[in-house]
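Let's take a walk through this model together, one region at a time. Have the sequence and the 3D view ready.

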Amino acid sequence: MSQKRRNRRAGGGEEITANPAGGEDAAGTGAAAVPRGRQKGKQKVPTEPSGAEVLPMDKRRRKEGEAAERGGAGGLGEAVRQARLRVAPSVQEFKYHKKRVRLVSQGSDLKDGAQGVVYWMSRDQRVQDNWAFLYAQRLALKQQLPLHVCFCLVPKFLEATIRHFGFMLEGLQEVAEECQELDIPFHLLIGFAKDVLPPFVTGRGLGGVVTDFSPLRVPMQWVEDVKERLPGEVPFVQVDAHNIVPCWVASDKQEYGARTIRRKIHDRLSEFLTEFPPVIKHPYPPPAPAEPIDWGACRASLQVDRSVKEVTWATPGPAAGLAVLESFVGERLKSFGTDRNNPNRAALSNLSPWFHFGQVSVQRAILEVQKHRSRYKESVDGFIEEAVVRRELADNFCYYNRNYDKVEGAYDWAKTTLKLHAQDQRSHLYELKQLEEGKTHDPLWNAAQLQMVHEGKMHGFLRMYWAKKILEWTRSPEEALKFTIYLNDRYELDGRDPNGYVGCMWSICGIHDQGWAERAVFGKIRYMNYAGCKRKFDVGQFERRYDPRKLGQ
């Protein structure tokens, strides 16, 4: 890590990024991690990085940053490096599982005279523990070619603000520095991939393109656009480096819920949940180095809202993310099984921002967490359910349902019940601005909203309550879903994520849930209320923590 970056970290500058309703701690899956069946008083819910931590934000950030400076999460960083080397000296000597890869282009053979291979990094923004990066290096080593890494920086993306772009750019700078240490040039291309990546490939005579996988419509369109503009003789492949069981392997259809995908995931876990080999110093250098990157100019060029400030509790980048994983395993995992639904307890992994940006691999987290099953079985099993089953269920939904963020994407029973109750009288109606500013009649809802606005996250249990109240207080399910997704994507650290869309759709449209007792407004959609929250945790304590007067609002 460069001295300049160490100084920036030590200074504790604000960094960050965002996601939605109900949120799973392990992966930010929104309310994807929903209760199973009608378990009275035992709801299994998702969890999210909690503002209700024992340490104040600035001290926690310093603690995580210091751990990161010890070589990537202190002892865990070194242990992980050794584990990679034990499995294989490099990916060339590793039995790579080809089912992680699928061909995007027609041709599959690298052309004669190719001058290199490029990994187009997008969703998975890390060097190590990255199956896409490893596959690209495998190809380059096999053909004795240089390896390049590209990231295409777009000027704006959906509701992402400087909070999200700042977190991402800080992480990418760490990636670029690590690539440099491995003699792998990192290129930050400014613009849309369809405009900048094909000229990059042809201009350098590159013979193959590898990219990672996202099930969302915009990144999927990026892949299609690049495919159309790449030369026909350049093979283009995609690797699911985000899921443990690749999305297209786990299921070939939209699954109804966790109960229908759980067995499919668990049946393949032993096949795919393996240790990673290391990305190594690349022995075949390119003819010319990468252009120097002016990170400040890149940030200044963004056409994004800068009024949503970067947060201070989360240090961006793979090293800091690994430090958070280490602190979770060492300090909070033991309480995850019993306390993850209590917003006043420090029991969450807090990993969702790093998972969302691909700065930490979920597979790495599971490899570490499962080592403690003999001591904390309930916690380990709960974390795997949320970080693997529920999170991969969210990818499945978004991949196979193009209306993943619209009421039209709901099940027929849910669309019917919401339509029947669309005209029901609401007890309160709020405009978007009132909701955004946390100015409703409900102090718990306001506190949760302000937690999200100020900290870039909301506790998972409250994310469900928060979204369901928006359904109750807006003019229609369509408006409720629109407002929920907007607020989530604007403020949450893990926004614009499959887990977030599914969290909103679970809360408002009953996705991956079942019909419940019919009532006004909700119809058969699961209901949550203030009294129920009071039975689960000290609501007053949480409200006091995020009192608007205390936060200066």
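## Ground rules

Helices here are DSSP runs of H or I with at least four residues, strands are E runs of at least two, and both are numbered from the N terminus. This is a predicted model, where local features need pLDDT of at least 70, side-chain atom pairs count only at pLDDT 80 or more, and totals for chains, interfaces and linings use all residues. Residues are numbered from 1 along each chain as its sequence is written, and side-chain values use heavy atoms, with hydrogens and water left out.

## Glutamate 472 in α18

Start with glutamate 472, which sits in helix α18, residues 460-472. Its relative accessible area is 15%, so glutamate 472 is buried (buried is under 20%, exposed over 50%, partly exposed in between, using a 1.4 Å probe and protein chains only).

Contact means heavy atoms within 4.5 Å. Setting aside neighbours within four places in sequence, glutamate 472 is in contact with Arg426, Ser427, His428, Val521, Phe522 and Tyr527. Its side chain also makes a polar contact with the side chain of lysine 469, at 2.7 Å. A polar contact is a pair of N or O atoms within 3.5 Å; within protein, one must be able to donate a hydrogen and the other to accept it, and residues adjacent in sequence count only if both atoms are side-chain atoms.

## Lysine 264 in α9

Now hop over to helix α9, where you'll find lysine 264. Is lysine 264 buried or partly exposed? It counts as partly exposed, because its relative accessibility is 30%.

Its side chain makes a polar contact with that of glutamate 255, at 2.5 Å. Not counting residues up to four places away in sequence, lysine 264 touches Ala250, Ser251, Lys253 and Glu255.

## Helix α13, under cover

Among the elements covering them are α3 (75-87), α4 (131-143) and α9 (258-272). At the start of α13, a side-chain oxygen of serine 361 comes to within 3.0 Å of the backbone nitrogen of glutamine 363.

## The sheet

Last stop: an open sheet of 6 strands, in the order β1-β6-β5-β2-β3-β4, with mixed pairing. At its edges are β1 (101-103) and β4 (186-190), each pairing on one side only. Two strands pair if DSSP finds at least two bridges between them.

Inside the sheet, β2 (residues 117-121) and β5 (residues 208-212) pair in the parallel sense over 4 bridges. Look for tyrosine 119, whose bridge partner in β5 is valine 210.
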